[in-house]
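Thanks for coming. I will take a few minutes to walk through one structure, one region after another.

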Amino acid sequence: MKIENNIEEYDSLGDNHIGTSSNTPLRNDAFRLSNEEKIDIIKDDVRHIMETLGLDLTDDSLNGTPNRVAKMFVKEIFGGLNPKKKPNASTFENKYKYGEMLVEKNITVYSTCEHHLLPIVGRAHIAYISNGTVVGLSKMNRIVDYFAKRPQVQERLTIQVVKELQDVLDTQDVACIIDAKHLCVNSRGIRDIESSTVTSEFGGKFKEEATRREFLDYIKLDTKF
Ligand SMILES: [Zn+2]
């Protein structure tokens with residue numbers, strides 16, 4: 001989605017944490033530069049921000065920060081922008097014919113709010129009903145981590161995890177709930193330490209009340225939907 005080039009409109013869109021698309025908005029030339037070239041450029045950008053703020057970059061404590069932050073952006077917290085980092089989707093045949101719901105809960109989520117570049121920290125709960133294909137349990141954690149390592153909107157992260165698992169498992173019957181704290185809400189702005197945000201995406205059979213209820217019972221969330 002594109003909106004008019006109006007700073008106030010962009011500001012309020014970001015402050016209200018409204019995402020514009022279920023795909024991460026990446027340019028076509030996003031991987032024209034190598035990681036090393038990106039780190040070199042971002043290092044200078046971070047130094048510029050710090051110098052603009054009036055910090056003395058010759059101080060031993062600050063001297064290495066631009067390079068450290070640049071490496072962290074490219075290789076760690078935004079490393080999931082690169083499709084090459086996507087966990088490979090090795091699946092197995094469901095030999096034991098387990099046709100019930102499989103739930104993986106309390107998967108750690110470390111992500112970054114794309115509107116403020118501050119951390120989003122929480123838990124993801126995933127469920128699927130196998131149609132004959134299963135994935136290794138750790139694969140679900142890796143998929144969450146891959147999509148979390150991007151500038152994100154929590155709703156988009158939830159949808160991306162479900163879509164990826166629907167692809168990998170070749171079934172629509174996948175659901176994900178994420179319960180997370182946004183440090184941009186908890187530490188600044190309205191400064192509400194206690195609040196967290198719950199997002200959910202229910203595919204296939206999980207759109208049915210009974211199946212959804214079973215999933216919610218398993219993860220024992222008393223959230224009302
Ligand atoms: Zn934010």
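Is Cys113 buried or exposed? Before the answer, please note that this is a predicted model. Cys113 has a relative accessible area of 1%. Buried means under 20%, so Cys113 is buried.

Where does that residue sit? Cys113 belongs to strand 2, which covers residues 101-113. It also carries an annotation: an unreviewed UniProt entry lists Cys113, His116 and Cys184 under the feature "binding site". These three positions span 72 residues in sequence, but their C-alpha atoms are never more than 7.7 Å apart from one another, so they gather at one spot.

Now to Cys184, from that UniProt feature. Cys184 is found in helix 7, residues 183-186. Its relative accessibility is 2%, so Cys184 counts as buried as well.

Next, a loop. Between strand 3 (119-129) and strand 4 (133-135) there is a loop that holds Ser130. Ser130 has a relative accessible area of 13% and is therefore buried. What does the side chain of Ser130 reach at 2.8 Å? That is the backbone oxygen of Thr133. A polar atom of the Ser130 side chain also lies 2.9 Å from the backbone nitrogen of Gly132.

The last stop is helix 2, residues 35-52. A quick check on its length goes like this. The helix has 18 residues, and at 1.5 Å a residue it should span 26 Å. The C-alpha atoms at its ends are 25 Å apart, which agrees.

Which residues of helix 2 are buried? They are Lys38, Ile39, Val46 and Met50. Looking down the axis of helix 2, the buried residues fall within an arc of 95°, so they line one face of the helix. What do they pack against? The buried residues of helix 2 pack against helix 3 (60-63) and helix 4 (65-77). His48 and Thr52 are on the other side of helix 2, and they are exposed. Just after the helix comes Gly54, which takes a positive phi of about 95°.

To go back over the main points: Cys113, His116 and Cys184, the "binding site" positions in the UniProt entry, gather at one spot. Ser130 contacts the backbone of Gly132 and of Thr133 through its side chain. Helix 2 has its buried residues along one face, with His48 and Thr52 exposed on the other side. That is all from me.

Definitions and conventions
Residues numbered from 1 in each chain as written. Predicted model: local features only at pLDDT ≥ 70, side-chain atom pairs only at ≥ 80, totals over all residues. Heavy atoms only, no water. UniProt positions renumbered as here; feature names shortened; annotations may be inferred. Helix = DSSP H or I, 4+ residues; strand = E, 2+ residues; numbered from the N terminus. Buried < 20%, exposed > 50% of the residue type's maximum accessible area, 1.4 Å probe, protein only. Polar contact = N/O pair within 3.5 Å; in protein donor to acceptor, adjacent residues only side chain to side chain. Expected span 1.5 Å × (residues − 1). Arc of directions from axis to C-beta. Contact = heavy atoms within 4.5 Å.
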